[in-house]
Amino acid sequence: MKTGIIGLPQAGKTSLFRILTKAHLSEHALAHPREAHVGIAKVPDDRLDRLAALFSPKKLTHTSVEYVDVGAIGQEALKETAYIGHLRIVDALIHVVRAFTDDAIPHVGPIDPLRDIQNVEFDLLVSDLSQVEKRLERLVKDLRKMRSPELEKENELLLKAKAHLESEKPLREMEMTAEDKKRIRGFMFLSEKPILYVLNITETPELGKALEAAIAKYNLADVASRANAGAAAICGKVEAELSEMSDADAAEFLSSYGLAESGLTRLIRKSYALLGLISFFTVGEDECRAWTIPVHTRAVEAAGAIHTDLQTHFIRAETIGWDQLLEAGSEANARAKGILRLEGKDYIVQDGDVLHIRHSG
Ligand SMILES: Nc1nc2c(ncn2[C@@H]2O[C@H](COP(=O)(O)OP(=O)(O)OP(=O)(O)O)[C@@H](O)[C@H]2O)c(=O)[nH]1
Ligand SMILES: [Mg+2]
């Protein structure tokens, strides 16, 4: 899974990227803020950590997300091939919105997250619209030469997209059939990607409360509740300090701000929910590991996420909830108690399931 980090100049994009990926940027990268930085973040998962405590495996493997930090967004930047190329290929966008006040760091006009969100959204729409128009011109010519049902369907869909964009609505809010989605996929439209607005707020002593109140304070409840959108708040400054600490120090530091967990944990969880992703686990003395799958995935396809052979030779999945397994204390206990279920191919894997795939071959 790939996520692009976008936003206006000096909103805190690179700071967020660095804390998420714990990347130490090279001198070169720091000197060239307009080049894209790519990094991988481990997805924190308390459930997996607790399972690992039970199994003491040789190896512990979290899932990961790839982040791309591109330079500040704008109509000009969106005309650059390299810039837009980096954004087209991501599965989702994180839009870092400046809500912190700091006179030393320039910002256009007063702090106004909703205005910034609308401006960036507009840039995405304009970029998509120009792409739609280009394709439509071509389609008109082609249709004059030859009538084809496939081209006609595409034409119809793009006309609908055009009208939608012209009414200043992003494509992520346009209703589409599965077939339409497939037809439009190749364009990799920017305004079609799910988006998480991340408010970067000022550090305060009662940060826990400030983070909770931030979405309402900046009137983002409405934009966050739209289709394929969400919002979260973080304080970049505090997170940056956290990322340099040991786990024990971090826990103490968090509680001094009245926080139960790092803002990053919440942020990553929200982006999972936004993308309709869940995790299942495999456990053992060799390795405890988390795997990412879309919601409503069947057991046989979940097996395929581990290895294609497991999908081909799937027989059954021994299944138990991560919390039930912890409670039982071991797989043997769980089996004796009869809470280890045998599920077939069509079982819909649930978030937090621990699976053991039985296979032939
Ligand atoms: N006070 C304060 N400063 C912050 C915070 N987050 C980031 N900054 C500072 O704001 C400046 C810009 O941060 P960056 O992370 O480089 O922002 P950016 O969006 O990547 O900027 P460009 O790539 O130049 O558009 C830096 O000096 C950061 O240290 C915050 O939460 N509070
Ligand atoms: Mg930057």
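1. To start with a term: a polar contact here is a pair of N or O atoms within 3.5 Å. Keep in mind too that this is a predicted model. With that in hand, look at Ala11, where a backbone N or O atom lies 3.1 Å from an oxygen atom of ligand 1. On its own, ligand 1 exposes 650 Å², and the protein buries 76% of that.

2. Now the wider surroundings. There are 16 residues around ligand 1, and Gln10, Gly12, Lys13, Thr14 and Ser15 come nearest. Helix 1 (13-21) and helix 10 (236-243) each supply at least two shell residues, with helix 1 giving the most, at three. Sorted by class, the shell has seven nonpolar, six polar and three charged residues.

3. On to the rings: the structure holds three aromatic pairs. One of them is Phe187 with Phe189, which counts as stacked because the ring centres are 5.0 Å apart and the planes sit at 10 degrees. Phe187 is buried, at 13% relative accessible area, and Phe189 is buried as well, at 1%.

4. Phe253 and Tyr257 pair up edge-to-face, 5.2 Å centre to centre with 80 degrees between the planes. Both partners are buried: Phe253 has a relative accessible area of 16%, and Tyr257 has 12%.

5. Last, have a look at two arginines. Arg98 has its charged end over the ring of Phe100, 4.2 Å from the ring centre. Arg289 does likewise with Trp291, at 4.0 Å from the centre of the ring.

Notes: Residues are numbered from 1 along each chain as its sequence is written. Chains are lettered from A and ligands numbered from 1 in the order in which they are written. This is a predicted model: local features need pLDDT of at least 70, side-chain atom pairs count only at pLDDT 80 or more; totals for chains, interfaces and linings use all residues. Side-chain values use heavy atoms; hydrogens and water are left out. A residue is near a molecule or strand if one of its heavy atoms lies within 4 Å of it. A polar contact is a pair of N or O atoms within 3.5 Å; within protein, one must be able to donate a hydrogen and the other to accept it, and residues adjacent in sequence count only if both atoms are side-chain atoms. Accessible areas come from the Shrake-Rupley method with a 1.4 Å probe; for residues, only the protein chains shown count as cover. Helices (H or I, at least four residues) and strands (E, at least two) are DSSP runs, numbered from the N terminus. Ala, Val, Leu, Ile, Met, Phe, Trp, Tyr, Cys and Pro count as nonpolar, Asp, Glu, Lys and Arg as charged, and the others, Gly among them, as polar. Rings of Phe, Tyr and Trp (its six-membered ring) pair if their centres lie within 6.5 Å; planes under 30 degrees apart count as stacked, over 60 as edge-to-face and the rest as tilted. Buried means under 20% relative accessible area, exposed over 50%, partly exposed in between (1.4 Å probe, protein chains only). A charge sits over a ring if NZ of Lys or CZ of Arg is within 6 Å of the ring centre and within 35 degrees of the ring normal.
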